[in-house]
Amino acid sequence: MDKTWMKISNRKDKAYELGVKNFLKFAYSQKVENQKIPCPCTQCNNFCNQTKTVVEDHLLTQGIRKSYTRWMHHGEQFRHQNCGDSTKHGDGEEDSDTEDLNDMLHDIGTAQWGDNWAGREESKDDSLNANHSDTNNFLKLLEDAKKELYPGNHFYSKLSFVVTLLHLKTMSGWTIKSFNALLEIFSHALPPEATVPKSFADAKKLIRDLGFKSEKIHACVNDCVLFRKENENFDTCPNLNCKEPRYKMAGSRVPHKVLRYFPLKPRLQRLYTHKEIASDMRWHKEKCVHDDNIMRHPADSEAWKHFDRLHPDFAVDPRNVRLGLATDGFNPFGTMSSAYSIWPIYLVPYNLSPWKCMRDPFFFLSMLIPGPKSLGNEIDVYMEPLIDELNEMWLGVETYDAYSGKKFDLRAALLWTINDFPAYAMLSGWSMKGYQACPSCMVETTCIHLPHRKKLCYTGHRRFLPIDHSWRREKKPFDGNVDFRNPVAPLSGNEILDQVQNMEVNFGKTKAQFNAKKRKRSESGLNWTKKSCFFELPYWADLLLRHNLDLMHVSKNVSEAVIATIVDIENKTKDHWLCRQDLKDLGLKKELHLIPNGDSYIMPHACYSLTKEEKKKVCEFLNSIKYPDGFASNICRCIKNGQFQISGMKSHDFHIFIQRLLPLAICGSLTKEVRQVLFELSEFFKKLCARTLHREVLEELGQKIAVILCKLERLFPPAFFDIMMHLMVHLPAEAILGGLAQYRWMFPFER
């Protein structure tokens, strides 16, 4: 197939347009028209699946990636034999898998042993090798790359055949059982001389010497310590309150718990062994268009710029890596009947361009922390290897840069963590429960206990209004008091470090330690449970934004609370009859108080509740919507016919609902005041989740959200204001510090 059109710069050229049409014809030769395919444009780079129309539009407006010369993502075989340019490309070099593998292995060899590493294969001089065993294994890998699959087969080498099969297994989701069955078929179909692995395990052994090995670190069954460093040779836990054995049985070498750790250093170094990726790692400084008023990338955020000002020696080299850390617990067994929680730790580099950053190929799985229980404070025990390596990476490690062809000292720094609210408490050390649940307001959090509902509500948002605002003097519509307090100023990292510097915590989940934790609050009266392990990083206290409030979970919880309350979903609504009794005790909103009716009570209809006819109209509206492909799931499946109830929506469904559907769904329903404040709430999340953020818009949102929350306080009962409602007031300020939400929320990790 002719691919010369890919080199044409003028995308309006007839030859280029004809080439795009021929490409789409080839890509859809074995697919249906409405099926999505990877888009090979310069922006998507085959990472995003698009429809045929979108792919054509992208190729005509943005151009095709010129390095994509073998269309393997669109049906072209690894050995596509056509006349013309299928064997030649660009500068006339042979386009073969063997050549590609040799180039990759050459880059890896140069990165590990220097420019003259290839000469070691000929000299066999042990003195030239820093690690003779590793070098021999790598040279054996080179032999496999040159060795034919069987005599006379010039298409596949032993290594390229295995790599191709493993790639297809990953792309197609094959099980290990089906992969082993396929290898058995190959062993019978190919000549006896063919070097086909016998199983999936053998195939993995063959490529193991490419690197990326993992470490298995034994852990105490009660999460007291890791058996590493000074504890490496212990057979029992060194914690005097624990003393649990390391192994399951006496004489056995099977440990109770194993932490699987994937070292960060070789993974970051491998990024620079590929010329294109090594060039992309400079994008944030060399190609990013910076504007003091506009944020399109984390490099535009105030936290990034503040870090560069404090550490100019780090900022001067654009190859130094900025990282984000994300974690969340999940049940690996996929069933709620089995209570098990495993915690993966992910790291993501922010140096890359927006169309590559936060994509799966650049997520680094740093560790898998075993269950079965949630970690709590003990997550710091398992974070020790990563913290040690981050400290090492802060000083720098020698790394080969394939783009420049030279070695340099690669450094890395952790900018912030990304996690949901419970994980925020585990990583930061600030308890998200009780009267001081807000990690920004801390001791100044405004909280009221509702005795009938037995819940805590977080109100008092008038303090975030301008000091001369008229609502600060009103009593009746709010909590019955005036409020002239100043807004809360969050503590800096150094101020937090002063509070937790002398805290002593004994890690472990033994019964004695569990009972010891059931103590009264410390004399300081603060919610600190520990000194976070991240303060061992020399730069952590200087960061403006250390832990992110996850916008995904905040918008999900706020959206769910709004839906449940206005639709009156049983067991989820915030407007319960017990809440009405709390209103009476507080002396607020008399029009909502329960009305005695003999032995029972009548609950008056609230202005924020839909009538039966309005519920029917909302459900019919949601049933009638048709969404663009990939925009949202089928939300109409969440509508219970005949009951006018909405349930079973996922996080992304709530995200779409509050931004796009809520204003349309309630048009003509509820009162004008309620509709108006919900419209403003929807607009708030829409602007906060934009792909481009303007500083003046964020500052305006910071003022508007205080007004929105005060309007909600005037209309909704106190039980409506859980901690997630309160956290909205801090989101605009965090966006100014951290930048776009797309780089700081849990959506890509939870998917």
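**Notebook: patches, a hairpin and a proline**

I started with Arg 208, which lies in the loop between α8 (200–207) and β5 (215–219); helices (H or I, at least four residues) and strands (E, at least two) are DSSP runs, numbered from the N terminus. I am working on a predicted model, where local features need pLDDT of at least 70, side-chain atom pairs count only at pLDDT 80 or more, and totals for chains, interfaces and linings use all residues. Residues are numbered from 1 along each chain as its sequence is written, and side-chain values use heavy atoms, with hydrogens and water left out.

Arg 208 has a relative accessible area of 46%, so it is partly exposed (buried is under 20%, exposed over 50%, partly exposed in between, with a 1.4 Å probe and protein chains only).

I then found Arg 208 gathered with Lys 204, Lys 205 and Lys 213 in a surface patch of positive charge. A salt bridge puts a side-chain nitrogen of Lys or Arg within 4 Å of a carboxyl oxygen of Asp or Glu.

My nonpolar patch was Ile 467, Val 482 and Phe 484, with about 280 Å² of accessible area together. I placed Ile 467 in the loop between β15 (455–457) and α17 (493–500).

I also checked a hairpin: β11 and β12 have four residues between them, and Gly 405 in the turn has a positive phi of about 75 degrees.

Last, I looked at Pro 263, which is buried because its relative accessibility is 12%. Pro 263 and Leu 365 are 102 residues apart in sequence but 9.2 Å apart in space, C-alpha to C-alpha.

Note on methods:
Patch = residues over 30% accessible without salt bridge, like charges linked within 9 Å, V, L, I, M, F, W, Y side chains within 5 Å. Areas by Shrake-Rupley, 256 points an atom, 1.4 Å probe, with all protein chains shown as cover. Lys, Arg positive; Asp, Glu negative; His and termini not counted. Charge placed at Lys NZ, Arg CZ, Asp CG, Glu CD. Pairing = 2+ DSSP bridges.
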